[in-house]
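This briefing is for a reader new to the structure.

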Amino acid sequence: MKRISVTAILLFITFSLFADEGILFEFKQKKGDAVSHVATVEEEAYINGRLNNRTEFINRTSTTVTETQQDGSAKLFTHYMTTQNNFMNSTGRMLSWGEENSVRVYRDANGQLHDSDNDYLPTVQSVPSFSDKKIKIGESWTSEGLEVHDCRELFNMEEAIQVPFTATYTYIGDEETDDKILRVLEVQYKFFQDNLSENNYNSDCTYAGTQGQAIQKIWWDNERGELDHYTEEFVIYMYDTYNNTFAFRGTAHGEVTDYKSVNDKTNLKKLQKTVEKYKLDNISIKQGDKGLTISLDAIQFEPDSVILLPSEKKKIEKIGEILKEFSNDLLITGHCADRGTVKMQQKLSEERADAVAEFLVQLGIRDQYHVFTQGKGATEPVATNSTEAGRVKNRRVEITIMD
């Protein structure tokens with residue numbers, strides 16, 4: 001028999017009463033609120049009907065509410081990171097940190113976005129967005145949105161492709177999970193554009209038009225006023241002036257989680273005291289641009305390998321206990337001494353970052369969707385490379401608790 005908590009029963013009864021009257025869907029935005037969104041996109045690209053490549057993208061965004069208004073609208077700051085072809089697979093390869101960008105944009109309480117300071121972001125705007133009326137299960141509404149595509153290289157363009165659409169939303173039911181009720185929505189929209197005269201693209205541009213459609217299923221936490229998770233299927237066709245057709249088909253799924261900024265002096269001192277308590281040698285902690293960083297200085301591997309020594313694994317296990325206190329994503333950065341070729345240094349730094357990240361995943365500290373890696377080779381030394389003592393310090397791996 002499935003066990004359901006008393007809290008869940010009370011929530012279900014309460015929400016059922018509200019559902020009879022209808023639900024007013026809205027974003028509940030407060031200054032300082034912060035969420036992290038990780039999405040995985042699996043895409044196939046075709047040129048003139050022939051498969052050109054398959055790509056797996058990982059998109060990570062962190063969004064903070066920086067201002068709020070009395071009408072419920074808010075100014076958001078979102079930092080984006082996109083990587084591809086580095087999803088963890090049977091070889092143990094971890095997610096690699098990729099290209100970064102950011103945007104400041106206003107969002108109304110109903111989800112409509114406006115006044116973005118980046119023409120290319122967000123790539124899908126105003127989804128989800130809601131009616132200003134209460135909605136019952138089975139009812140639908142429509143709302144405007146925008147597809148944005150960066151095709152500067154593909155079509156020799158200087159601007160972003162921006163295609164408006166009208167999405168149809170249907171409230172199809174509720175699902176209980178983790179002592180909360182999620183509202184399940186279906187979203188469908190199609191888009192079309194072929195009138196170049198209205199878009200004012202540069203004269204050398206070869207873009208001739210686009211069309212496509214997307215179908216999403218959204219699990220919405222209305223008590224929290226935020227997306228919980230979603231799935232999507234999409235197809236996009238683009239055309240150039242030489243009668244070439246570029247097709248993109250794919251699926252996506254993503255989730256949103258709360259996070260709190262840890263990059264402050266209070267947490268810095270807290271971590272330093274914990275490191276002293278555990279008597280961990282060669283560990284330093286600092287504040288940085290991306291978050292609070294724990295540096296494993298002079299980390300040791302087996303000779304000519306990326307296999308951690310048992311002593312280092314014990315150290316990382318202790319650090320893992322510290323990391324459990326935070327829910328933020330982790331970025332693992334590998335560094336090495338200035339020995340060998342630049343290519344070898346880069347490869348070694350990436351592999352050592354992967355080794356630490358994989359061990360943290362094995363320990364259950366985070367799953368593979370919330371641990372990213374990058375290698376810096378010998379480009380960021382903390383000591384001289386002219387002595388062995390200095391080179392030892394430069395062989396380090398950093399664990400950043402991401403803001």
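The structure holds 16 salt bridges, each a side-chain nitrogen of Lys or Arg within 4 Å of a carboxyl oxygen of Asp or Glu. This is a predicted model, in which local features need pLDDT of at least 70 and side-chain atom pairs count only at pLDDT 80 or more, while totals for chains, interfaces and linings use all residues. Residues are numbered from 1 along each chain as its sequence is written, and side-chain values use heavy atoms, with hydrogens and water left out.

**Salt bridges**

- Lysine 286 and glutamate 398 meet through their side chains in a salt bridge of 3.5 Å, N to O. This pair links distant parts of the chain, with lysine 286 in strand β14 and glutamate 398 in strand β18, 112 residues apart. (Strands are DSSP E runs of at least two residues, and helices are H or I runs of at least four, numbered from the N terminus.)
- Glutamate 398 is buried, at a relative accessible area of 9%, whereas lysine 286 is partly exposed at 44%. (Buried means under 20% relative accessible area, exposed over 50%, and partly exposed in between, with a 1.4 Å probe and protein chains only.)
- A network of salt bridges links Lys286, Arg396 and Glu398.
- In the salt bridge between arginine 152 and aspartate 150, the closest N and O atoms are 2.7 Å apart.

**Helix α4**

- Glutamate 351 and lysine 347 both lie in α4, four residues apart, about one turn of the helix. They form a salt bridge with the closest N and O atoms 2.4 Å apart.
- Buried residues of α4 include Arg352, Asp354 and Phe359. The buried residues of this helix pack against α3, β16, β17 and β18, with contact meaning heavy atoms within 4.5 Å.
- Glycine 364 follows α4 and has a positive phi, near 85°.

**Strands β14 and β15**

- β14 (residues 283-287) and β15 (residues 291-296) run antiparallel and are joined by five bridges. (Two strands pair if DSSP finds at least two bridges between them.)
- A hairpin of three residues joins β14 to β15.

**Nonpolar cores**

- Phe25 and Ile161 touch the most other members of the largest nonpolar core, which has 40 residues. (Such a core is a set of buried Ala, Val, Leu, Ile, Met, Phe, Trp, Tyr and Cys residues joined through side-chain atoms within 4.5 Å.)
- β9 gives the most to this core, with six residues.
- A second, separate core of 32 residues includes Leu280, Leu308, Leu330 and Val397.
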